[in-house]
Amino acid sequence: MPSYTDAANLHRRDYNAEPQILPDGTEGLTMFSGVFQSTVDLPFLNSVTIDSAGYAVNDSFQQYYNHYHCPAIPLYSEANNEMHTVFFGGIAQYYDNEGVLTQDNNVPFVKTIARVTRDENGKMAEYKLPVDMPALLGASAEFIPNENIARYDNDVFKLDEITQDSTLVGYIYGGINSSGANIFWVNDGSQSSASSQIFKVYLTNNNSVGIHDLNEQSISTLGLQVFPNPSQSNFSVKFNLKKYVPVNLSLHTIEGKLIEKKTLNGLKIGENMYQYNGDISTGTYLVTLEVGGEKAVQRVVVRE
């Protein structure tokens, strides 16, 4: 087997490496997220697909939820040529707060259950499920599959063969049970413990429990990031451009009041950085980028 060296993209750890059935029907792997980026101590948002020919970095997809190792279930529908990977809780740089993607660079424990779907054309997108973990669980936990359910040779579930209304597909066990989202800076050993709970995981058909919300930013080419977050009124806005176009940036209060709006010109193709140095009071704000037909919004918290 050949070996590859790519420090910028492959030097990552604590990620979910999940077996996949690729759009051409072959078996492969996907490296989802992980840490740390070579330029900043934060999780990767892109993914890496591995097949018999080598590897490919997917920068057209951004995974915002479930960045560290957590229980994950790979399911493939041959009829639709769709690969679904469902992630349960863990630790992530982002979480949903009343419908707004919220960034926390302290990278907290989260309850989020989300799935990443790869379609027949290889396009990937992230969806937040309408249910959460019952507590801050999932970090370093494992999914144990039900051996009686049909799977491919690489352990991906054969989704089309799961036809019952409710099917026990496996169990979640172990990992960390955290008492709070951000315990890393106040931890004396009592804020978290090893989880001894066992959760049964069922796949249900013909029983809608809610809408799987598409995370629009997961398929955006902008890759918007705001940091530090929380900040002290001065923060950086990082984003990517695929072509030379003006960028409209606006800042609103959480109630919708416009604080500032400007057009950024003279930007470059690739990664761009804008430094906001406004005199704003403590509170929660929404940073919005609009580029052509694309729009990305992130929440930023300003503290004293």
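These are my notebook entries on one predicted protein model.

**Ground rules**

I number residues from 1 along each chain as its sequence is written. Because the model is predicted, I take local features only at pLDDT of at least 70 and side-chain atom pairs only at pLDDT 80 or more, while totals for chains, interfaces and linings use all residues, and side-chain values use heavy atoms, without hydrogens or water.

**Whole chain**

I looked up the secondary structure first. The protein chain has one helix and 24 strands. These are DSSP runs, numbered from the N terminus; a helix (H or I) needs at least four residues and a strand (E) at least two.

Next I checked the overall size. The C-alpha trace spans about 60 × 45 × 40 Å along its principal axes. For 304 residues, a compact globule would have a radius of gyration near 19 Å, and this chain agrees, with 20 Å. The radius is taken over C-alpha atoms, and the globule rule is 2.2 Å times the number of residues to the power 0.38.

Then I looked at cover. Of the 304 residues, 48% count as buried. Buried means under 20% relative accessible area, exposed means over 50%, and partly exposed lies in between (1.4 Å probe, protein chains only). The chain exposes about 15,100 Å², and carbon and sulfur atoms supply 48% of that area. The areas come from the Shrake-Rupley method with a 1.4 Å probe.

I also looked up contacts, meaning heavy atoms within 4.5 Å. Among contacts with a separation of 6 or more, 62% join residues 24 or more positions apart.

**Strands around E9**

How many residues of strand E9 (109-118) are buried? Nine of its ten are. I then traced its partners. Two strands pair if DSSP finds at least two bridges between them. E6 and E9 run antiparallel and share eight bridges. His84 has Thr117 in E9 as its bridge partner. On to E10 (124-132): E9 pairs with E10 over six bridges, again in the antiparallel sense. Here Arg118 stands opposite Met124. E9 and E10 form a hairpin with five residues between them. In that turn, Gly122 has a positive phi of about 85°.

**The E7 and E8 hairpin**

E7 (94-97) and E8 (100-103) are antiparallel and pair over four bridges. Asp96 stands opposite Leu101 in E8. Two residues separate the strands of this hairpin, and Glu98 in the turn has a positive phi of about 55°.

Most residues other than glycine have a negative phi, and most peptide bonds are trans. So I noted the exceptions below.

Asp14 is not a glycine, yet its phi is positive, about 60°. I found Asp14 in the loop between helix H1 (7-10) and strand E1 (16-21). Asp14 is partly exposed, because its relative accessible area is 33%.

Asn81 also is not a glycine and has a positive phi of about 50°. Its loop runs between E5 (72-77) and E6 (82-91). Is Asn81 buried or exposed? Asn81 counts as buried, because its relative accessibility is 16%.

Which residues does a cis peptide bond join at an omega of about -10°? They are Val35 and Phe36. Phe36 is in the loop between E2 (27-32) and E3 (47-51). Another cis bond joins Phe227 and Pro228, with omega about -5°. Pro228 lies in the loop between E18 (225-227) and E19.
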